[in-house]
Amino acid sequence: MSTEKSPIWAILSLVVAVITLSFSPILTRITENELGPYATIFNRFWITSLALILGNFIRILWDKRSDSPPTTAKEVYTAKDFFYLFLIASFDSACLVTWAWSLTKTSVAHSNLLHNTTPIFAFLGGWLLLSQCFNRRFLIGTIVALGGTFIIGFQDFHIEGDTLIGDSVALLSAIFYAAVLLVTEQLRVKFGTTTILIWNSIFSCLLLLPCALIFEDRLLPASLSGWLSVIGLGLLCNLIGGGALFYSLKQFSSSFVSLIMLLEPIIAAVLAWAIFAEQLNFLNGLTFLVVLSGIYFAKSGSPLDDSLTP
């Protein structure tokens with residue numbers, strides 16, 4: 001069985017995506033001690049682009065040295081393909097910049113809570129634009145899982161007037177994130193994960209560089225911790241996490257993937273406990289069980305089965 005058509009590999013890729021992308025808010029917060037949101041995300045993408053280009057160059061040299069045929073078939077692009085590739089880069093850049101900006105204007109709890117409303121917008125987009133249908137079990141499971149993430153977010157959630165802008169921007173990032181998943185789901189019908197990642201990174205760099213030069217005082221990190229943080233964002237979150245996420249969209253619908261990503265703030269809480277010695281309590285454990293129960297209930301609905309490619 002081809003790995004592209006194996007649901008086992010898709011499930012494993014989702015697990016990898018959840019774990020690696022959970023580092024994103026922590027690394028972003030560290031990086032923003034030195035850089036603004038545009039510079040932070042620009043560095044994230046150019047590091048990913050460089051890694052992908054070097055990886056492809058090494059693969060080509062290896063193929064030539066071993067006299068083996070190319071490991072990937074030549075892909076033919078249409079104007080519509082380039083439009084979608086540019087569109088996903090625009091949405092992804094907007095998502096990450098607005099999320100990074102929200103972290104400078106509001107608390108991590110506020111930002112994570114609102115950013116993780118992505119499934120709502122993914123469902124709406126899938127229903128309105130892609131004619132996707134969701135049965136009752138799937139919708140109930142989604143509501144339960146969303147409720148679980150709200151539990152962990154509301155622990156530190158306080159309504160404050162001066163955080164309204166940050167909260168609004170975090171909600172906007174959720175809309176962009178849903179758009180990224182919906183467009184990627186369509187691109188995965190034709191293109192491989194690496195192709196989408198390369199074009200997404202290159203287009204995002206071109207979009208973000210002018211903004212970073214105009215609006216930021218500093219383009220590159222000045223300290224070792226800053227460099228380690230942006231390298232972590234580029235390699236761990238974008239290359240590994242983003243690649244695993246895009247790969248899973250060959251097998252699963254954007255709606256189901258966005259639902260699984262609700263585990264991200266829970267993993268982030270565990271990482272905060274391990275890295276920053278933040279306390280975990282009974283409510284954190286309850287949240288984990290509630291989210292898992294919601295996902296399991298939603299998994300038994302037809303959208304997961306329908307999202308598997310034949």
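User: What share of the contacts with a separation of 6 or more in the protein comes from residues 24 or more positions apart?
Analyst: A contact here means heavy atoms within 4.5 Å. In this protein, residues 24 or more positions apart account for 89% of the contacts with a separation of 6 or more. Before we go on: this is a predicted model, with pLDDT of at least 70 needed for local features and 80 or more for side-chain atom pairs, while totals for chains, interfaces and linings use all residues. Numbering starts from 1 along each chain as its sequence is written, and side-chain values use heavy atoms, leaving out hydrogens and water.

User: How many helices and strands are there in the protein?
Analyst: Elements are DSSP runs numbered from the N terminus: helices are H or I with at least four residues, strands are E with at least two. By that count the protein has 14 helices and zero strands.

User: Which residues form the salt bridge with the closest N and O atoms 2.5 Å apart?
Analyst: The criterion is a side-chain nitrogen of Lys or Arg within 4 Å of a carboxyl oxygen of Asp or Glu. The structure holds one such bridge, and it joins aspartate 81 to lysine 190, with closest N and O atoms 2.5 Å apart. The partners sit 109 residues apart, aspartate 81 in helix α4 (residues 79-105) and lysine 190 in the loop between α8 (164-187) and α9 (193-215). Aspartate 81 is buried at 9% relative accessible area, whereas lysine 190 is partly exposed at 44%.

User: What does phenylalanine 82 touch?
Analyst: Setting aside residues up to four places away in sequence, phenylalanine 82 touches Tyr77, Trp199 and Phe203. Phenylalanine 82 belongs to helix α4 and is partly exposed, at 33% relative accessible area.

User: How do α2 and α4 pack?
Analyst: Two packed helices are described by the angle between their axes and the distance between the axes. The axes are lines fitted to C-alpha atoms, for helices over the stretch in contact, and angles run from 0 to 180 degrees between N-to-C directions. Helix α2 (residues 24-31) meets α4 at about 65°, axes 10 Å apart. On the α2 side the contact uses Ser24, Pro25, Thr28 and Arg29, and on the α4 side Trp99, Ala100 and Leu103. For classes, Ala, Val, Leu, Ile, Met, Phe, Trp, Tyr, Cys and Pro count as nonpolar, Asp, Glu, Lys and Arg as charged, and the others, Gly among them, as polar. This contact has four nonpolar, two polar and one charged residues.

User: Is the crossing of α2 and α4 left-handed or right-handed?
Analyst: Left-handed means the near helix is turned anticlockwise from the far one by less than a right angle, and right-handed means clockwise. The α2 and α4 crossing is right-handed. Helix α3 (residues 37-65), by contrast, passes α9 in a left-handed crossing. Those two pack at about 145° with axes 8 Å apart, through 16 nonpolar, seven polar and no charged residues.

User: Is asparagine 112 buried or exposed? And asparagine 33, buried or exposed?
Analyst: Asparagine 112, in helix α5 (residues 108-115), is buried at 13% relative accessibility. Asparagine 33, in the loop between α2 and α3, is exposed at 67%. The C-alpha of asparagine 33 is separated by 9.5 Å from that of proline 221, 188 residues apart along the chain.

Conventions: Buried < 20%, exposed > 50% of the residue type's maximum accessible area, 1.4 Å probe, protein only.
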